[in-house]
Amino acid sequence: MERRMSPRLAARRRQGDGSVLAAATERQRDRTELDRGRFSATKQLAARETGAARVRPAQIAGVVTILGAIGVGLRALGIDEAPLVCFLASGALAALMTPFCAPMPQNKEYHKFADRRALIPGVPNTMDVLSNFPFLIIGVSGLAKIYEPTEAIADLIVQGPPIFASDWDWMPWAVFFAAVACVSFGSAYYHLKPTNARLVWDRLPMAVGFSALFMIMVAERVSLAAAQALFWPTVGASVASVAYWAAFDDLRPYFFVQFFPLLSMPLLLAGFRGEFSDAGYYTIGGILYVLAKVTEDLDRSFYRASKHVVGGHALKHLFAAGSCAVFLAMLSLRLPIADGA
């Protein structure tokens, strides 16, 4: 038998249901406002991150270049301390600005090179693989010239014993040529099957070579004591830059390790007095490396222009190896400035 509810009780129940609904609506409104607040905070954080990523690599390059030009100009006006101040300032600013660049993940399209022909059975990307062989010749010849200057192999590229500025200088040169030799194996291994994992073994010896050559210039032109103190930490930092990229897919530290020495080379050559007549060799070596980067960026264009004979990346290897060969020749051909020439 159905029980009938009195009008007063029904009204109270309707009022209670309305209160429950109102409370539920209020809770939903609170959650919405909280979500909006969280979203707003997320937007603010993203905005801050975007603002922090406004520095561009070209701006860093511009800062280093401008400070270098200022240092050289002030040196010409007779302010001998200017190059050192500008060199230190450019290094500090570049190091501080680099983290404020946007993260630089490795472009997966980088691995798709123009010339993928297997000209030798079982050797894919043959031209990009074989074009690394000159690095091995130059690296081994450099090590032989340092350790056994009288051996015939040491005269493979240029005759004569190496000339060092101090008894310590042989070590960074040995590290440089060892890195050059390792580039041959690391780059060939990478080009057999281009992937990020294999690219690590290509970039690792390159980073070590950059840092070693940079510290050689510091030792011979800025301060031998500073170079001796900073050599191994600098080499360690170059290795860490590649490890950081491998772990976090962010090339910012590697960008600094690769390009700061190249961008600071004009200041080191023109702003500081060296002990040898080697500025021309460094200049030619730097130009050849710039050409290597240009041909690397225009890989497909060179492949089309050559009627599919050679791609720009293989030319990059040859130009870069030529740059290393110039430094090897420099070791025996440069003369102390006091002796003329």
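I started at Asp169, which sits in the loop between helix H5 (133-147) and H6. My helices are DSSP runs (H or I, at least four residues), numbered from the N terminus. This is a predicted model, so I note that local features need pLDDT of at least 70, side-chain atom pairs count only at pLDDT 80 or more, and totals for chains, interfaces and linings use all residues. Residues are numbered from 1 along each chain as its sequence is written, and side-chain values use heavy atoms, with hydrogens and water left out.

**Asp169**

For me, buried means under 20% relative accessible area, exposed means over 50%, and partly exposed is in between (1.4 Å probe, protein chains only). A salt bridge needs a side-chain nitrogen of Lys or Arg within 4 Å of a carboxyl oxygen of Asp or Glu.

What does the Asp169 side chain make a polar contact with? I got the side chain of Ser166, at 3.0 Å. A polar contact is a pair of N or O atoms within 3.5 Å; within protein, one must be able to donate a hydrogen and the other to accept it, and residues adjacent in sequence count only if both atoms are side-chain atoms. Leaving aside neighbours within four places in sequence, I also listed Phe164, Ala219, Glu220 and Leu224 as contacts of Asp169 (contact means heavy atoms within 4.5 Å).

Next I checked H6: its 23 residues should span 33 Å at 1.5 Å a residue, and the end C-alpha atoms are 34 Å apart, which agrees. The expected span is 1.5 Å times one less than the number of residues. H6 bends by about 25° at Cys182, the bend being the angle between axes fitted to the seven residues ending there and the seven starting there. I noted 17 of the 23 residues of H6 as buried, so the helix is largely enclosed by the rest of the structure.

**Salt bridges**

How many salt bridges are there by this rule? The count comes to 10.

- I looked up Lys316 and Glu296, whose closest N and O atoms are 3.5 Å apart. Lys316 is in H12 and Glu296 in H10, so the pair ties together parts 20 residues apart in sequence.
- Lys316 is buried at 7% relative accessible area, and Glu296 is buried at 12%.
- Salt bridges that share partners join Glu220, Arg221, Asp278 and Arg334 into one network.
- Arg75 pairs with Asp80 at 3.6 Å; Arg75 is partly exposed at 28%, while Asp80 is exposed at 52%.

**Positive phi**

Most residues other than glycine have a negative phi. I noted Asn125 with phi near 55°, in the loop between H3 (82-97) and H4 (126-130). Asn125 is buried at 8%. Lys307 has a positive phi of about 60° and lies in the loop between H11 (299-305) and H12 (312-333). Lys307 is exposed at 71%.

Methods: Helix = DSSP H or I, 4+ residues; strand = E, 2+ residues; numbered from the N terminus.
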